[in-house]
Amino acid sequence: EFIYPVAITKDAEENYYVGEYGNNDRIQKFSREGEWLGVFGSWGTNPGQFQRPSGIAWHEGLVYVADAVNNRIQVFTDTGKFQKILALHHDDQELTLHLPYDLTVDTDGTLYCIEYGAGRITKLRTTGEVLGRLGKQGSARGEFATPWGIAVDEVGNLRVADTGNRRLVALSKSS
């Protein structure tokens, strides 16, 4: 049973991972046929716990979870074992996220995180190295207002659900 399912991704074996919140802050795993395979996480602030797991991306056996209210990305094995909280950094500086709502990963393993609270996209490696940030709060070109979702296509172009501005934004890989 779900309360508020808000995120879904699949792995190479076509198993699905569904993130939900609302007193069931957790990730559930299902086979492609819909058979329940397990659950990981719970509500809280400790490592392995969530406050609104609102975005999920699978890459090379790891599940990356945007833990929105805890302002972090957590990493698990695809069997649900907690690995780490992804430490974001650039030029030896520690960086933070502001309400990360969604994640996606492109074909070369680059992660993109949409930050609802900061109105921006953070581009990063799976090691936590921040490669850049795009956007800021607002409604003009290059700005986002409460962006909610992000996706990447097979050639690396991004699509952002810019909810506060009531629009979808397309960004080419060269942006």
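Analyst: Let's start with a term we will need: a residue is called buried when its relative accessible area is under 20%, exposed when that value is over 50%, and partly exposed in between. Please keep in mind that this is a predicted model.

With that in hand, look at R125, which is partly exposed because its relative accessible area is 40%. Its side chain forms a salt bridge with that of E129, at 3.0 Å from N to O. E129 also counts as partly exposed, with 30% relative accessibility.

Salt bridges can also share partners: E14, R32 and E33 are joined into one network in this way. Within it, the side chains of R32 and E14 meet at 3.1 Å, N to O. Where do these two sit? R32 is in the loop between β3 (26–30) and β4 (36–40), while E14 is in the loop between β1 (4–10) and β2 (16–21), so their pairing ties together parts that are 18 residues apart in sequence. R32 counts as exposed at 54% relative accessibility, whereas E14, at 29%, counts as partly exposed.

Now turn to D67 and R72, whose side chains meet in a salt bridge of 2.7 Å, again N to O.

The pairs described here are among the 10 salt bridges counted in the model.

Definitions and conventions. Residues numbered from 1 in each chain as written. Predicted model: local features only at pLDDT ≥ 70, side-chain atom pairs only at ≥ 80, totals over all residues. Heavy atoms only, no water. Salt bridge = Lys/Arg side-chain N within 4 Å of Asp/Glu carboxyl O. Helix = DSSP H or I, 4+ residues; strand = E, 2+ residues; numbered from the N terminus. Buried < 20%, exposed > 50% of the residue type's maximum accessible area, 1.4 Å probe, protein only.
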